[in-house]
Structure formats: structure tokens, C-alpha cells
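Please open the model in your viewer and keep the sequence panel beside it. The stops below are arranged so that each selection leads to the next.

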Amino acid sequence: MPKVRTKDIIEQFQLELVSGAEGIYRPITTSDLSRPGIEMAGYFAYYPAERLQLLGRTELSFYETLTPEEKRSRMERLCTDITPGIVVSRGLEVPPELIEASERQSVPVMRSTMKTTRLSSRLTNYLESKLAPTTAVHGVLVDVYGVGVLITGKSGVGKSETALELVKRGHRLVADDCVEIRQEDEDTLVGSAPELIEHLLEIRGLGIINMMTLFGAGAVRTHKRISLVIDLELWDPEKQYDRLGLEEEKVKILDTELPKLTIPVRPGRNLAVIVEVAAMNFRLKRMGVNAAEEFSARLSDAIEDGAPDYE
Amino acid sequence: MVEKQVEVKLKTGLQARPAALFVQEANRFSADVFLEKDGKRVNAKSIMGLMSLAVGHGAVITLIADGPDEQEAVEKLAAYVQKEK
């Protein structure tokens with residue numbers, strides 16, 4: 001199923017549909033745009049027909065210098081059966097030859113009042129985010145002190161219960177059980193809930209509860225950048241858990257590596273508090289304060305000096 | 001790892017109640033079980049993930065299991081969605 005169709009950008013940018021209305025369901029497969037200036041001059045060898053085409057003042061004023069015969073043939077070649085659409089910027093007049101050619105091939109021709117460069121950057125941003133690679137992860141996403149924390153772990157380990165307590169403590173739920181993750185930028189992963197289960201949380205014994213109606217609009221949010229992964233697992237006596245916090249474990253989601261903490265679960269451990277502190281500690285590290293490293297340096301100094309220095 | 005593609009024959013599709021039963025069944029197995037529909041994969045042991053797919057009657061899904069009892073898990077779950085009641 002195509003992620004973006006021409007119709008979507010018409011709605012998003014409130015474009016005026018001039019002609020070729022039959023083609024508004026054409027898929028847009030790339031976030032690249034094309035300004036077909038050189039094609040207007042007759043060079044079609046590398047014409048990227050599958051891209052959205054943008055005609056600005058430069059292209060259209062050059063177009064006016066062409067002979068009627070050239071005008072017709074260039075516009076004919078511009079409108080192919082895979083062109084998702086042609087956008088005319090600055091509210092310029094659409095050449096009649098373009099309308100004619102577009103109606104024949106049902107290529108939507110749209111018009112915007114925006115300036116070409118501005119329109120081009122906004123279109124690119126929109127298409128990049130829509131066409132970004134996505135995946136779904138089994139876990140819970142919570143915004144804790146502004147840090148997007150993805151809590152993962154086996155079914156029944158207590159992810160949702162931890163999220164519930166975090167929300168009670170004033171943090172915000174993004175998604176329970178199934179988190180849709182989009183790679184928005186090279187190192188930016190944004191998680192959101194599938195529409196059908198937005199705001200919902202499932203607690204064994206209670207069933208499905210709606211966090212928004214229970215705790216208010218401040219307890220939820222629609223999407224959040226993921227910064228930290230916390231993996232909950234049942235306490236394994238054989239396994240060595242991190243005691244110092246000097247090493248940083250990583251986990252790869254799509255193409256981005258995220259810091260990961262493994263937290264053992266055992267009765268009596270208050271997971272919500274641990275997650276809260278993990279988020280705060282993560283922020284502190286980003287601000288340049290690393291308690292574990294500072295302590296380790298102090299310890300090394302003390303050992304080298306031969307005597308502890310209490311000053 | 002075992003994979004099996006099946007068509008959902010349950011008349012109502014995986015509505016809330018049938019979905020809960022499905023998840024209950026999946027949780028009996030120690031293997032990791034996943035369900036895939038239209039390229040979206042969710043953990044079959046989690047009810048919210050399963051319901052977010054909105055699996056209807058006639059939908060074609062893929063069951064994937066990985067673990068000691070994978071074969072049995074796939075068979076049992078496939079049989080469940082193929083019941084026609």
C-alpha cells in the first residue's frame with residue numbers, strides 16, 4: 001500500500017487542483033522533487049518522471065520564450081503515466097498546453113501560492129517524514145521527564161504496570177504494547193501508537209483502560225522521540241547485571257543505535273522509580289555529568305596517590 | 001522457526017473477545033509467537049498489538065513461532081483462527 005498519494009499533499013498543503021483530477025490517487029514513491037528546467041529546454045535524457053515536478057517562475061518564464069510547437073511537445077513529455085503530479089508555485093498561471101497534456105495523461109496539476117523554494121522545502125520535509133522507514137516494536141513508550149523511554153521485555157514481565165505507575169507519577173503514555181517507530185532523520189526515531197489503540201493500556205486483571213479519560217489529556221501524547229531503551233527481564237541469578245554504569249549497552253532499531261539498560265525484575269523492586277531515575281540519569285549524562293565516570297576517576301586518583309583524599 | 005500462512009475464517013474476525021482467547025492460547029506456549037498482516041508484525045502474546053491490526057474475516061495472516069514448542073504453537077493457533085463458528 002503506498003504511503004503517500006498526490007491527494008495527501010493536496011490536502012496537506014491546500015493546493016488548488018487545476019487539472020488531471022483523475023490522477024490524484026497516484027502514489028508518490030520518493031521524497032526527491034524535480035524542477036524540470038533543463039527538460040523544458042528539450043533535454044529529457046535523465047528526466048526523473050517518478051518525482052513530483054515543481055514549476056516556478058524561472059521555469060515558466062523560460063517556457064514563455066518557446067515556440068507553440070515546442071511548448072506542446074515539452075509539456076507532452078513532462079506528463080508521463082508515472083508522474084505523481086506537477087505543482088505550479090507562486091500562484092502563477094498554468095500554461096494551457098500543460099492543462100491539455102495533463103488531462104490526456106491524467107497527471108494532476110496543482111497550484112500553490114507559496115514561493116518555490118519554500119514550497120520545495122516544505123514538500124521535502126513532509127515527504128521525508130511520510131516515506132521514512134517504519135517498524136513496529138513490542139513494548140511501551142512513555143515520556144519520562146521529557147525523555148522518550150521505550151520499555152521492552154517479555155509478555156507479562158510488567159511493562160504496562162510500570163507505565164501505569166509512571167503515568168500516576170505525572171509522566172505521559174505514548175503507546176502500550178505495540179509501538180510504531182519511524183526513522184525521521186539519520187539518528188531520530190519517533191514512536192507513536194497505532195491509531196486503534198491510542199491512549200489505551202491493558203492491565204492484567206483490569207482489562208483495557210483509557211488513560212486519557214482516566215487521567216486527563218496531560219497524561220498522554222501522540223508521539224515522542226525515543227532516546228532510551230529499558231529492557232525488563234526476570235531476575236536471572238546466573239546473569240551479571242551492570243553494577244557500575246560505566247559501560248553503555250546499545251540496541252539497534254532500524255538504522256539507529258539507542259542506549260539500552262537491562263533492568264532485572266524482582267519482587268520489591270519499584271520499577272517506576274528505577275525508570276524515572278534512569279531517565280534523569282540519562283539527561284544528566286547528556287548534560288555532561290556522569291556519576292559513574294567521575295567516581296571511577298576519583299577512585300583511580302586515590303589509588304595512585306596511595307591514600308584517599310577527602311578534601 | 002516455523003511460519004504458516006492462514007486465512008482467518010472466524011465469522012467475526014479477531015474482535016475483542018476472540019482476540020483475548022487467541023492471546024490466551026498463544027501464552028500457553030513458551031515459544032515466541034508473532035502474527036503478521038500486511039507486512040506489520042506484532043507479538044501474538046500481546047492483546048493490544050493483536051487488536052491494533054484489526055484482523056477481519058477473510059484476512060490472510062502469517063503465524064510465526066520460534067522456540068521449543070514452535071510447531072505445536074503454530075498448529076494450534078492456525079486451527080483456532082480457521083474455526084468457522
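This is a predicted model: local features need pLDDT of at least 70, side-chain atom pairs count only at pLDDT 80 or more; totals for chains, interfaces and linings use all residues.

Residues are numbered from 1 along each chain as its sequence is written, chains are lettered from A and ligands numbered from 1 in the order in which they are written, and side-chain values use heavy atoms, with hydrogens and water left out.

**The two annotated spans**

Begin by selecting residues 4-127 of chain A, where UniProt, in an unreviewed entry, places the feature "domain: HPr(Ser) kinase/phosphorylase N-terminal". UniProt positions are given in the numbering used here, feature names are shortened, and annotations may be inferred rather than shown by experiment. Over this span the chain is 42% helix and 13% strand, and the end C-alpha atoms are 8 Å apart; helices (H or I, at least four residues) and strands (E, at least two) are DSSP runs, numbered from the N terminus.

Next select residues 130-298 of chain A, to which UniProt, again in an unreviewed entry, assigns "domain: HPr kinase/phosphorylase C-terminal". Here the composition is 24% helix and 40% strand, and the end C-alpha atoms lie 49 Å apart.

Return to chain A and display the side chains of Lys7(A) and Glu11(A), which meet in a salt bridge at 3.1 Å, N to O. A salt bridge is a side-chain nitrogen of Lys or Arg within 4 Å of a carboxyl oxygen of Asp or Glu. The two residues are 4 residues apart in helix 1 of chain A, and are therefore separated by about one helical turn. Glu11(A) is exposed, with a relative accessible area of 51%, whereas Lys7(A) is partly exposed at 27%; buried means under 20% relative accessible area, exposed over 50%, and partly exposed in between (1.4 Å probe, protein chains only).

Move on to Gln14(A), in the loop between helix 1 (6-13) and strand 1 (16-19) of chain A. Its phi is near 50°, a positive value in a residue other than glycine. Most residues other than glycine have a negative phi. Gln14(A) counts as exposed, at 70% relative accessibility.

**A nonpolar surface patch**

Select Ile38(A), Tyr43(A) and Tyr46(A) together: they form a nonpolar patch on the surface, with about 390 Å² of accessible area together. Such patches are made of residues with over 30% relative accessible area and no salt bridge, like charges being joined within 9 Å and nonpolar side chains (Val, Leu, Ile, Met, Phe, Trp, Tyr) within 5 Å. Accessible areas come from the Shrake-Rupley method with a 1.4 Å probe, and for residues only the protein chains shown count as cover. Tyr46(A) is in the loop between helix 2 (37-40) and strand 3 (52-55) of chain A, and counts as exposed at 66% relative accessibility.

Which side chain pairs with Arg74(A) in a salt bridge? Glu70(A) does, at 3.8 Å from N to O, and the pair, 4 residues apart in helix 4 (residues 68-78) of chain A, is separated by about one helical turn. Arg74(A) counts as buried at 14% relative accessibility, while Glu70(A) is partly exposed at 29%.

Arg104(A) lies in helix 5 (residues 96-105) and Glu76(A) in helix 4 of chain A, so the pair ties together parts that are 28 residues apart in sequence. Including Glu100(A) in the selection shows a network of salt bridges that links Glu76(A), Glu100(A) and Arg104(A).

**The interface with chain B**

Finally display both chains: 14 residues of chain B are in contact, meaning heavy atoms within 4.5 Å, with 15 residues of chain A. The two chains bury about 1,100 Å² between them, 65% of it on carbon and sulfur atoms. In chain B, Lys40(B), Met48(B) and Ser52(B) lose the most area to chain A, together 45% of what that side buries. Buried area is the accessible area (1.4 Å probe) that two parts lose on being put together, summed over both.

Across this interface the rule finds 2 salt bridges, and Lys40(B) forms a salt bridge with Glu180(A), with the closest N and O atoms 2.7 Å apart.
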